[in-house]
Amino acid sequence: MSFLAKNLILSFETSCDETSVAVIENGDTILSNIVATQIKSHQRFGGVVPEVASRHHIEQITSCINDALTQAKVTYSDLSAVAVTYGPGLVGALLIGVTAAKAVAWAHHLPLIPVNHLAGHIYAARLVEPIEFPAMALVVSGGHTELVYMPKENRFEIIGETRDDAAGEAYDKIGRVLGINYPAGKQVDEMAHKGHDTFHFPRAMDQDDNFDFSFSGLKSAFINTVHHADQIHETLNKDDLAASFQQAVIDVLADKTKRALQDYPVKQLILGGGVAANKGLRNRLEKELQAFPKTSLELVPLSLCGDNAAMIGAAGEMLYRHRVFTNATLNADPSLEFEWIKEPATN
């Protein structure tokens with residue numbers, strides 16, 4: 001199998017409620033990144049309904065492929081490989097992307113690259129600047145909150161993770177209490193900048209001797225505060241509630257990350273995932289990184305923080321160079337971790 005000087009990866013992302021197909025050149029240049037969102041379909045339910053998400057992926061996937069190729073001005077014969085998210089995520093949603101990617105790879109005799117969704121969120125940083133190793137990534141999304149240490153390319157070590165609710169999941173749950181439609185993160189962030197931390201919600205595990213997170217207690221404290229106020233007919237300031245909740249989240253994320261950087265000196269800290277678009281978190285990390293002059297902060301662009309196929313192409317191109325391929329037996333793995341990572345193959 002020959003490796004082209006210009007690697008063009010057709011990538012698929014269908015792990016949740018975004019149908020996305022992209023064409024990425026050499027792992028760092030976006031030729032196209034088509035994203036068909038399903039937010040309006042799920043808003044009436046207050047969150048993602050797996051069966052609804054799967055049906056939308058089926059309806060959108062073919063047109064997304066055609067649009068991605070057209071926008072990139074390439075044909076199947078120009079492609080080097082096909083990359084696809086196969087986990088973690090919603091099993092039914094993942095299966096649509098995996099099936100489509102396998103069909104394209106088989107029909108056009110292209111290598112098939114299995115990509116971990118979380119690796120995609122991390123390698124989205126490649127689409128802005130080259131990643132310098134060793135590196136650290138703080139991945140914060142609706143389903144994941146993890147600190148990942150990367151001593152070198154294609155090697156991952158999860159040093160901290162959430163033990164219950166992920167940060168983004170907690171945002172959506174308290175958003176419903178505030179009367180905010182799904183997804184709530186952006187509006188809660190906007191409200192937080194108008195309010196003040198007057199409720200002083202708990203910072204769970206902030207002082208524990210580890211890098212793990214917990215947001216379930218914070219969520220419960222928030223809901224209990226609001227429910228108690230309703231029972232005694234007290235009106236609470238929603239902006240202050242949002243600010244107090246967000247400050248608690250950011251304090252824990254920033255404190256744990258700062259301690260991790262002290263124990264794991266790295267050249268670069270990457271912030272990725274849906275919640276990485278949070279202005280409060282971005283501002284706080286920029287402030288904290290002033291104490292680490294040898295570590296640069298890489299903020300994934302807002303347009304690439306959510307689920308998208310461009311990030312899968314960025315991670316996929318890296319795996320392509322390391323000859324990490326799979327075959328038609330590839331299946332969705334909704335609980336996938338980083339166990340699939342292996343040493344690069346020797347030539």
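1. **Basis.** The model is predicted: local features need pLDDT of at least 70, side-chain atom pairs count only at pLDDT 80 or more, and totals for chains, interfaces and linings use all residues. Residues are numbered from 1 along each chain as its sequence is written, and side-chain values use heavy atoms, with hydrogens and water left out.

2. Helices (H or I, at least four residues) and strands (E, at least two) are DSSP runs, numbered from the N terminus. R321 is partly exposed, with 37% relative accessible area. E153 is partly exposed too, at 22%. Buried means under 20% relative accessible area, exposed over 50%, and partly exposed in between (1.4 Å probe, protein chains only).

3. **E288 and its partners.** E288 makes a salt bridge with K258 (3.6 Å, N to O). That pair links distant parts of the chain: E288 sits in helix α9 (residues 279–288) and K258 in helix α8 (residues 238–263), 30 residues apart. E288 also forms a salt bridge with R284, where the closest N and O atoms are 2.8 Å apart. Within helix α9, E288 and R284 are 4 residues apart, so about one helical turn separates them. E288 is buried at 14% relative accessibility. R284 is buried at 18%. K258, at 27%, is partly exposed. Salt bridges link D197, R203, D251, D255, K258, R284 and E288 in a network.

4. **Second largest pocket.** Its space is about 190 Å³. The lining consists of A192, H193, G195, H196, D197, A243, Q246, Q247, I250, G280, N283 and R284. Helices α8 and α9 each supply at least two lining residues, and α8 gives the most, with 4. On a 1 Å grid over the protein atoms alone, a pocket is an open set of points where a 1.4 Å probe fits, with protein on both sides within 12 Å along at least five of seven lines; lining residues have an atom within 4 Å of a point. Grid points are joined across faces, edges and corners, and the volume is the space filled by probe spheres set on the points.

5. **H121.** This histidine lies in helix α4 (residues 117–123). H121 is buried, at 1% relative accessible area. Its side chain makes a polar contact with the side chain of D307 (3.3 Å). A polar contact is a pair of N or O atoms within 3.5 Å; within protein, one must be able to donate a hydrogen and the other to accept it, and residues adjacent in sequence count only if both atoms are side-chain atoms. Leaving aside neighbours within four places in sequence, H121 has contacts (heavy atoms within 4.5 Å) that include G272, G273, G274 and M311.

6. **H57.** H57 is in helix α2 and is buried, with a relative accessible area of 0%. A polar atom of its side chain lies 2.8 Å from the backbone oxygen of C16. Beyond four places in sequence, the residues in contact with H57 include T14, D17, E18, A93 and I96.

7. **Helix α3.** This helix (residues 91–107) has 17 residues and reaches 24 Å from first C-alpha to last, close to the 24 Å expected at 1.5 Å a residue. The expected span is 1.5 Å times one less than the number of residues. Among its buried residues are A93, I96, V98 and V104. Their cover includes β1 (8–13), α2 (50–72), β4 (81–87) and β5 (112–116). Just after α3, H109 takes a positive phi of about 55 degrees.

8. **Backbone points to check.** Most residues other than glycine have a negative phi, and most peptide bonds are trans. K73, not a glycine, has a positive phi of about 60 degrees. K73 lies in the loop between α2 and β4 and is exposed at 77% relative accessibility. N154 also has a positive phi, of about 70 degrees. N154 is in the loop between β7 and β8 and is buried at 1%. The F133 to P134 peptide bond is cis, with omega near 0 degrees; P134 is in the loop between α4 and β6 (135–140). The Y182 to P183 bond is cis as well, with omega near -10 degrees. P183 lies in the loop between α5 (167–177) and α6 (185–192).

Definitions and conventions
A salt bridge is a side-chain nitrogen of Lys or Arg within 4 Å of a carboxyl oxygen of Asp or Glu.
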